[in-house]
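Student: I'm new to this one. Could you pick a single part and take me through it slowly?

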Amino acid sequence: MRRLLLAGLAALTVLPAAAVTAPAAGSLDLETIMANPDWVGHAVEDPYWSVDGRSIYYSLKRDGSPVHDLYRVDPASGQSTKLDAAAMASAQGPSVYDRAHQHAAYILHGDVFLVDLATGRRVQVTRSLQPESSPQFSADGHALQYREGNNWFVYDMASGVTSPAAVLKFTDDPDAKKPDELGQQQLDLFKELRENKADKDAVSANKQALDAADATRAPRPFWLGDKNQALDTELSPDGRWLLIVTQAAHHDDGKAPEVVHYVTESGYTENEDARTYVGRNDPAAQSLLLLDLVAHKQYTVATDNLPGIKDDPLKAIRAETVAALEKAGKDDDAKALKAPDVRPVTMYLDDGTGGGIVWSEDGRNVAVELRSIDNKDRWIASIDFNRHAFVPQNRLHDDGWINWNFNDFGWLKDGRTLWYLSEQSGYSQLYVKPVEGSAKALTSGKFEVSHPQLSTDGKWFYVRTNQTAPYSYDVYRVPSNGGASTRVTQYGGMEQFVLSPDDSQLAVLHSSAYVLPQLSVQSAQGGTPHELTNTMKPEFTAHAWIAPKIVEVPSSHGAGVIYGKYYGPANETDATSSRPAVVFVHGAGYLQDVSEATTYYQHEQLFNNLLVQEGYVVIDVDYRASEGYGRDWRTAIYRKMGHPELEDLLDAKAWLVKNHGVDPKRVGIYGGSYGGFMTEMALLRAPGEFAAGAAQRPPADWVTYNHGYTADILNDPQLDPEAYKTSSPIQYADSLRDPLLINHGLIDDNVMASDSIRLYQRFVELHKKNFWISLYPLERHEFEHPDSWYDEYRRIDELFQTWVKPNPAP
């Protein structure tokens, strides 16, 4: 699960495609490379197997439209069919299977379908306006369970009857209301009131008795009070238990900044709320309710027995900040920073970054993943149903922050053994642990393991790893009971895979530098793949694009090797000439751009080709904080964003000077989002090192970014103000001396345009020169319109042509 809040990826535009003429070899122009990317081709997306494993479905964007069409391909022949509206009625969705593999179920157009695998008979279980989700089979295989929002339903396959698994009422039980002092006085005084109350109590008691004895009735409601609201619910496959993740019903997220739309259909300016600033209000603490659906009882599962839950990982920073506040006479602010006795946690995160609940197939065990709100601990715990209490199974602590990725976990087929990913060794590896035993590593080494899929027979894990090189990813097969792993695919640019229902084949998405993800199928044991798609456009593939060369840049700061992609002329023989260069900086911080797969930055990669045509050489490095290189590389920026990364960018520049005849006075730098942030930090913290810089949608002050990303790396600004001062470009504004171009979408609701405007105002007040800002009224964080892409990169190209390319005057 990948967090890309700051990715600023080169998103494929959704506007109608204009006619594009293929560039001849060596004749690139901005109009072509910044055009609607439909001319490049389309990525194959979201592959999944049909119920019987004889077909594979995938999604493909339609030319000139935001619509994605569904395709079905025969893996044997490679014949693909686009499903029209009529054919969609008989399509299938990603399926789940019962334990005996006799039935399958899936969601299609928001409804639930059930398939008998022996006969192929399909039953539509629901037809509703509200979307259903999360189908799963009961442990005994007799029922299909699914959810609508946070409400679970059970479809009995024999009778065809659907009933709610539980009825949840987030209000007080009206029958449990006790009379107050005045009400009791009334009952004491008046016989008829007492008789009326007794009659109502008798009717209620009789209904409860009938409900308990009659399985044909809907279940009695659970009255859960109005103090909390449900964020997630998970039903046990045996139908006995329901877990509910809750938070305070009236949690205040804090004041949100507004995005102003200036160019609108109405002709009037319109305001839109964006996300809350970091430190304006912490995320709501979450709690777990356990409902016994048979005994009709509810329990709160306390977290105070989790190891380390009462520690304060920020004790030293807290003491320093509190002392400074008290010295300044801000006693109330100091008291507000008091450490909690029991640290609050989250279990359910709607951004898909970790946490969750997983039941064993038989419903007899459940695992819950929890994360401390201070971002320093992750726990995996089972539940003792007799004591209604957590049983800690694994604690992962990180002095920096718990990674957003590598939080997958689940159960082996025995329902008694957990599996999970953990960075405890410094790299994400796969572990197994019996509930009452010790953990064992199934993989080990200086590489990352991700996306584990357990085979249907439970004998194998299939995982994605970069075992051969940090930039090369493939599928490996790992025995679930331990043993050597085996490489299955040989792509290097493997991106996604899906195991077939019978465990025999893999559907694989793979890509390369100028080839968007394509679909193939191959044996799950390895072997030669069968390519199924080619969705690239001939106009694009006909051009001789520069193959980026993966290079190793030595770190001068003890960080080891910095991996990069180098773009240079095909016949680069004169390494002694003095040539200009450009450093491209990828976004997101935690993102890997140096790999054998295609890049997120399609526009930028084509622009890098144009720069080489214009006489530059270009390098793109995975600076510290980038994904794919282990925990220490990721957390090197803790409390000092922009510092280790700048050291790595300067090492990349020095490598260009030493190895490719680059003039150290003629190096430009550019990037978007986190790459824009680093462009500003490079110019402001290392003035004179870069001839000019272009920063797209850059965070200039981390105090105004969001909580989920920023607090992980810099803690809360109230608790750790020095980390924010150290890490924010606006704090270094007085150091500007090199030309800086800032481009920002005015309706960016991720990194606000106000970040760039505030920095611009600082430059104005400091009487700086050679800085410019270009604002785009119809663009958000990821630009979508070709006109905007063209204008943005025209300005960058002109900046470099003016300040980087010319030889310096004598």
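**A close look at one strand**

Tutor: Ala 570 sits in the loop between β39 (561-567) and β40 (579-585). Those names come from DSSP runs, numbered from the N terminus: helices are H or I with at least four residues, strands are E with at least two. Keep in mind that this is a predicted model, where local features need pLDDT of at least 70, side-chain atom pairs count only at pLDDT 80 or more, and totals for chains, interfaces and linings use all residues. Residues are numbered from 1 along each chain as its sequence is written, and side-chain values use heavy atoms, leaving out hydrogens and water.

Now for our part, strand β42, residues 662-672: nine of its eleven residues are buried, leaving the strand mostly covered. Strand β42 runs parallel to β40, and six bridges join the two; strands pair if DSSP finds at least two bridges between them. Within β42, Gly 671 is the bridge partner of Val 585. Strand β42 is also joined to strand β43 (residues 692-696), by five bridges and again in parallel. There, Gly 671 has Ala 695 in β43 as its bridge partner. To get from β42 to β43, the chain passes through helix α11 (residues 674-685), and this β-α-β crossover is right-handed: with the strands pointing away from the viewer, the path from the first strand over the helix to the second runs clockwise.

Key: Buried means under 20% relative accessible area, exposed over 50%, partly exposed in between (1.4 Å probe, protein chains only).
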